[in-house]
Amino acid sequence: MKGLKETYKRCADQIMVKPISNVSLDPLAARKKLLEIHKLISKPVPIQYSLPFFTFNHNQNSIIQYLGLVKKLMLDSQQKRTENLQVTSRRNNFQGTPPEKKPLPKLLYIQNPVVWLSNKIDFRFLRYSWDSNFSEEEFSRGARQAISTVTQMVSKNMFESLKPLLTKNALLNLRRDVEILWADEVRRNIGLKPEDVQLIIPRKIYLRSSADKRLCDIDVLFIGMKWLEEQGFNTPLVFVDIVSRFHRNYTEGVAPDWTISAFKVRRFSLIPQKS
């Protein structure tokens, strides 16, 4: 290793480097020339060689030093390309392009303990007295999917497709609210995917029996959040607060289906990001 360093020093004065202007370094071309130079190292006679970006006269020993120069130039070119990519990434972030899978803010909801306990008792009564197959977990999963479907259909003005999910009165009231009370901004951005529904909170269970009829209604609060589906500076956060009532007729001989008998958007907000 010591002898090799001394050889480098002796050969330093033998290399005459002449840069050619307006020619950029191509790492692939440099790598190809580098392999050709390796084949020339074993030749004992002086040679003259030209690259697309340098012209020099050298002998066998000076080639070794040139290999280090080519390697350094290739590394500098690689570093420059990396810096350009980083600058482009920072420019995109400045323009407001949201990063992929940007985390949503955490939500915390504390329900009244008395209400929570009362709901648990009612769910237990429903399961053991009316419906042995009822599961609160399965009900929440189905409610999440139902709310997602309703909001997406409303955002596309596909009200006819909602007839199997909503009762007649609920559908009429929803269409009236959309046409009279909702701003166009709400209708366009109300669509929620199932994963956008962050909280599902049962508020009240109603169990009613009269003669041969048994009816069940469950009021549920849904909190949805998502990033607005557009690119721009300070892409806002969509916050949606929905209250819905799920109805099922447990009377013997009636189809065992849950339907939505009420759907109300209590709050819709676009919350800008902090600069």
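Me: Is Arg176 buried, partly exposed or exposed?

Reply: In this predicted model, the relative accessibility of Arg176 is 44%. Buried requires under 20% and exposed over 50%. Arg176 therefore counts as partly exposed.

Me: Which helices does the salt bridge between Lys120 and Glu136 tie together?

Reply: The closest N and O atoms of Lys120 and Glu136 are 3.0 Å apart. The two residues are 16 residues apart in sequence, so their pair ties together separate parts. Lys120 lies in α4 and Glu136 in α5 (residues 136-155), so the helices are α4 and α5.

Me: Which residues are linked with Arg141 in a network of salt bridges?

Reply: Arg141 and Glu138 meet in a salt bridge of 2.6 Å, N to O. Both lie in helix α5, three residues apart, about one turn of the helix. The network links Arg141 with Glu137 and Glu138.

Me: What accessible area does the nonpolar surface patch with Trp116 have?

Reply: Trp116 is in helix α4 (residues 113-130) and is partly exposed, with a relative accessible area of 46%. Trp116 forms the patch with Leu117 and Ile121. Together the three have an accessible area of about 320 Å².

Conventions:
Residues are numbered from 1 along each chain as its sequence is written. This is a predicted model: local features need pLDDT of at least 70, side-chain atom pairs count only at pLDDT 80 or more; totals for chains, interfaces and linings use all residues. Side-chain values use heavy atoms; hydrogens and water are left out. Patches are made of residues with over 30% relative accessible area and no salt bridge: like charges are joined within 9 Å, nonpolar side chains (Val, Leu, Ile, Met, Phe, Trp, Tyr) within 5 Å. Accessible areas come from the Shrake-Rupley method with a 1.4 Å probe; for residues, only the protein chains shown count as cover. A salt bridge is a side-chain nitrogen of Lys or Arg within 4 Å of a carboxyl oxygen of Asp or Glu. Helices (H or I, at least four residues) and strands (E, at least two) are DSSP runs, numbered from the N terminus. Buried means under 20% relative accessible area, exposed over 50%, partly exposed in between (1.4 Å probe, protein chains only).
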